[in-house]
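Please read the numbered points with the sequence and the model at hand.

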Amino acid sequence: MPLDFAELSSAIHKLFLTGPKKVCSSGDSLPSDSNSFHNWCSFNEPSVKIPGPIIIYQTLVYPTAIKVYWTCPAEDVESFEMEFYELVTTPPNSVQTELCGQIWDIMQQSLELHNLTPSTEYMFKIRTINDNGPGQWSDVCKVVTPDRCGKNQAKWGLLKNIYSVLQKCF
């Protein structure tokens, strides 16, 4: 049976939190008014933790762009940070990674990267940031942008990442 990506994406969104959230260290719910947050629960409490790991669960790959989706940990999250690299092959068959970019202050659980090179392999990783510092980096996700005709030259990481997400949840 073929995989219905729209249905799968919807199911994964229901399994995971929908965005960065502010959580009091006591585990209590916070008021929806973000202006009253610091009055209600202080970040100076020693029990507030560095954010836990996140999982990249979906990638959409185009010849010159990639859209990446990830989960949000249970701990307080102020923002997300991403690093992405290009895999460069040099003679004689040596593969090196070259940092292409670092993006800070991402406020949602998805990001589109544009102006990429067709038929090129990229790796990226994401982590959360809160007042106590950065969380762990996600597992590295590899993708290969298709050629200009939209044909993939190699497998990309969606199915592997979905399988990883489902294994960790169940």
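1. Helices of at least four residues and strands of at least two are taken from DSSP runs and numbered from the N terminus. With that convention, T128 belongs to strand β6, which covers residues 121–130. The model under discussion is a predicted one.

2. The protein chain contains three helices and eight strands. Followed along the sequence, these elements come in the order α-α-β-β-β-β-β-β-β-β-α. The chain has 170 residues, of which 41% count as buried. Among its contacts between residues at least 6 apart in sequence, 62% connect residues at least 24 apart.

3. The average pLDDT of the protein chain is 75, and 59% of the residues score at least 70. Over residues 17–45 the pLDDT stays under 50, and the model has 46 contacts beyond four places in sequence for this stretch. Where pLDDT is low, the predicted coordinates should not be read in detail.

4. Is T128 buried or exposed? T128 counts as buried because its relative accessibility is 0%, the cut-off for buried being under 20%. Apart from neighbours within four places in sequence, T128 touches P51, G52, I54, P73, V77, S79, F80, G133, P134 and G135.

5. The largest nonpolar core comprises 20 residues. Those with the most contacts inside this core are I66, V68, W70, F80, M82, F124 and I126.

6. One is formed by Y57 and Y69, a tilted pair with 6.3 Å from centre to centre and 35 degrees between the planes. This pair links distant parts of the chain, with Y57 in strand β1 (residues 56–61) and Y69 in strand β2 (residues 66–70), 12 residues apart. Both Y57 and Y69 are buried.

7. In the pair of W70 and F80, the ring centres are 5.4 Å apart and the planes stand at 65 degrees, so the arrangement is edge-to-face; the cut-off for that class is over 60 degrees. Here too distant parts of the chain are linked: W70 lies in strand β2 and F80 in strand β3 (residues 79–90), 10 residues apart. Both W70 and F80 are buried.

8. Beyond neighbours within four places in sequence, the contacts of W70 include I54, I55, I56, Y57, F80, M82, I106, Q108, Q109, S110, L111 and I126. Among these, Q109 is placed in the loop between β4 (94–106) and β5. The side chain of Q109 reaches the backbone oxygen of W70 at 2.8 Å. Q109 counts as buried because its relative accessibility is 11%.

9. A charge also sits over a ring in this model: the charged end of K125 is placed over the ring of W137, 4.7 Å from its centre.

10. Which relative accessible area does N115 have? The value is 75%, and N115 is therefore exposed, the cut-off being over 50%. N115 is located in the loop between β5 (110–113) and β6. The C-alpha atoms of N115 and T64 are separated by 5.3 Å, although these residues are 51 residues apart along the chain.

Notes
Residues numbered from 1 in each chain as written. Predicted model: local features only at pLDDT ≥ 70, side-chain atom pairs only at ≥ 80, totals over all residues. Heavy atoms only, no water. Buried < 20%, exposed > 50% of the residue type's maximum accessible area, 1.4 Å probe, protein only. Contact = heavy atoms within 4.5 Å. Phe/Tyr/Trp six-rings, centres within 6.5 Å; stacked < 30°, edge-to-face > 60°. Lys NZ or Arg CZ within 6 Å of the ring centre and 35° of its normal. pLDDT = per-residue confidence, 0-100. Core = buried A, V, L, I, M, F, W, Y, C linked by side-chain atoms within 4.5 Å. Polar contact = N/O pair within 3.5 Å; in protein donor to acceptor, adjacent residues only side chain to side chain.
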